[in-house]
Amino acid sequence: MKLSEHKDLKTAITDLPLKEKDKLLLRLIAKDKVLTEHLHYKLLEDESDLEDRKETIKADVIQLIPELKKLAAKDALAQVRKMITSVNRFYKITKDPVGEVELKIFVLNHIPVEYRKSTFGYRDYGFLFVAYYIKTVEVTVNKFRKLHEDIQFDLSNDLNELLRRIYDTKLASAAADVHLPKEIN
């Protein structure tokens, strides 16, 4: 049930006494962890906390890199998805598009792209890893293009390094298939 479809309910909610509204609001917020964290960030944190959040994600990625190199493609794919999910959660909480693009470029630049195949199972997780990786890069490039040109200038070296890395590995054909640029100007 959407609130916009029930104008009478919307009016009734706005007519509630302030104390009752606050109680209902707090109960609703408590049910959504992302919303709770977003409100905490918006109301109680400042710019330095944003940088701390970015640094925490970067430190977690750096810590996981040695472990990733030892994994088969299936397990690596799961770990990389968790890393990208943490960046997506960062964006949901902070609503910082620059930080999201910066962190995704960081993660994608640091994770290895070559993994051994698992000996058991019928799925080619190497193929799935490549598809996920290239799709994530493609989405990141699209978000990068929506940023202000000054910010694009600041992030362009890292993004171009990522694109060079892709076209220098076995990922080149998959990148070319989705028309991923070889360089951002």
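Tutor: Ile13 is partly exposed, at 35% relative accessible area (buried is under 20%, exposed over 50%, partly exposed in between; 1.4 Å probe, protein chains only). The model is predicted: local features need pLDDT of at least 70, side-chain atom pairs count only at pLDDT 80 or more, and totals for chains, interfaces and linings use all residues. Residues are numbered from 1 along each chain as its sequence is written, and side-chain values use heavy atoms, without hydrogens or water.

Ile13 sits in helix H1, residues 7-14 (helices are DSSP runs of H or I, at least four residues, numbered from the N terminus). With Leu3 and Leu9, Ile13 makes a nonpolar surface patch of about 220 Å² (members have over 30% relative accessible area and no salt bridge; nonpolar side chains are joined within 5 Å; areas are Shrake-Rupley).

Now the charged pairs. The salt bridges number 9 (a Lys or Arg side-chain nitrogen within 4 Å of an Asp or Glu carboxyl oxygen). Lys54 pairs with Glu51, closest N and O atoms 3.3 Å apart. Lys54 and Glu51 are 3 residues apart in helix H4, so about one helical turn separates them. Lys54 is buried at 6%, while Glu51 is partly exposed at 35%.

Lys143 bridges to Glu100 at 2.7 Å between the closest N and O atoms. Lys143 is in helix H7 (residues 125-145) and Glu100 in helix H6 (residues 97-110), so the bridge ties together parts 43 residues apart in sequence. Lys143 is partly exposed at 29%; Glu100 is buried at 4%.

Shared partners join Glu37, Glu45, Arg53 and Arg89 into one salt-bridge network. Within that group, Arg53 bridges to Glu45, closest N and O atoms 2.9 Å apart. Both Arg53 and Glu45 are buried.

Technical notes: Patches are made of residues with over 30% relative accessible area and no salt bridge: like charges are joined within 9 Å, nonpolar side chains (Val, Leu, Ile, Met, Phe, Trp, Tyr) within 5 Å. Accessible areas come from the Shrake-Rupley method with a 1.4 Å probe; for residues, only the protein chains shown count as cover. Helices (H or I, at least four residues) and strands (E, at least two) are DSSP runs, numbered from the N terminus.
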